[in-house]
Amino acid sequence: MSRKAQALIGNRPIASVTIETATASGAVLVTEDAFALPEIFTVQARHGRKTCRVMWRNPPKVGILFEEA
């Protein structure tokens, strides 16, 4: 099940993304420009925000790891 979300820097949206798959530790995002996302950013979905780090890029997909709070 995919969900729409936003990639943010601070409170500023930088890209619309789709969360394709997610686990407690990370997710796979689909976006128009996989290289437009910085190495560290925040993902905001319907149920909250998580800071994440890019682990891999294979356009149009980006693998992210959620950072510890």
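**View 1. Salt bridges across the whole predicted model.** In this predicted model, a search of the whole structure returns three salt bridges. They are formed by lysine 61 with glutamate 20, by glutamate 39 with arginine 57, and by arginine 53 with glutamate 67. The views that follow take up each pair in turn, together with the strands around it.

**View 2. The salt bridge between lysine 61 and glutamate 20.** The closest N and O atoms of lysine 61 and glutamate 20 lie 3.0 Å apart. This pair links distant parts of the chain, since lysine 61 belongs to strand β6 and glutamate 20 to strand β2 (residues 12-22), with the two residues 41 residues apart. Lysine 61 has a relative accessible area of 30% and is partly exposed, and glutamate 20, at 30% relative accessibility, also counts as partly exposed.

**View 3. The salt bridge between glutamate 39 and arginine 57.** Glutamate 39 and arginine 57 form a salt bridge in which the closest N and O atoms are 2.9 Å apart. Glutamate 39 counts as partly exposed at 45% relative accessibility, while arginine 57 counts as partly exposed at 22%; because buried means under 20% relative accessible area, arginine 57 at 22% is not classed as buried.

**View 4. The salt bridge between arginine 53 and glutamate 67.** The salt bridge of arginine 53 with glutamate 67 has its closest N and O atoms 3.1 Å apart. Arginine 53 lies in strand β5 and glutamate 67 in the segment after β6, so that the pair, 14 residues apart, links distant parts of the chain. Both ends are partly exposed, arginine 53 at 32% relative accessibility and glutamate 67 with a relative accessible area of 31%.

View 5. Proline 60 has its place in the loop between β5 and β6, and the peptide bond that joins proline 59 and proline 60 is cis, with omega at about 10°. As a point of comparison, most peptide bonds are trans.

**View 6. Strand β4 between its two partners.** Strand β1 (residues 3-9) and strand β4 (residues 40-45) run antiparallel and are joined by three bridges, and the bridge partner of glutamine 6 in β4 is glutamine 44. Glutamine 44 also stands opposite arginine 49 in β5, where β4 and β5 pair in the antiparallel sense over six bridges. These two strands, β4 and β5, form a hairpin with two residues between them.

**View 7. The closed barrel as a whole.** Six strands make up a closed barrel that runs β1-β2-β3-β6-β5-β4, with antiparallel pairing. Neighbouring strands of this sheet are turned against each other by 45° on average, direction ignored.

Notes: Residues are numbered from 1 along each chain as its sequence is written. This is a predicted model: local features need pLDDT of at least 70, side-chain atom pairs count only at pLDDT 80 or more; totals for chains, interfaces and linings use all residues. Side-chain values use heavy atoms; hydrogens and water are left out. Two strands pair if DSSP finds at least two bridges between them. Helices (H or I, at least four residues) and strands (E, at least two) are DSSP runs, numbered from the N terminus. Axes are lines fitted to C-alpha atoms, for helices over the stretch in contact, and angles run from 0 to 180 degrees between N-to-C directions. A salt bridge is a side-chain nitrogen of Lys or Arg within 4 Å of a carboxyl oxygen of Asp or Glu. Buried means under 20% relative accessible area, exposed over 50%, partly exposed in between (1.4 Å probe, protein chains only).
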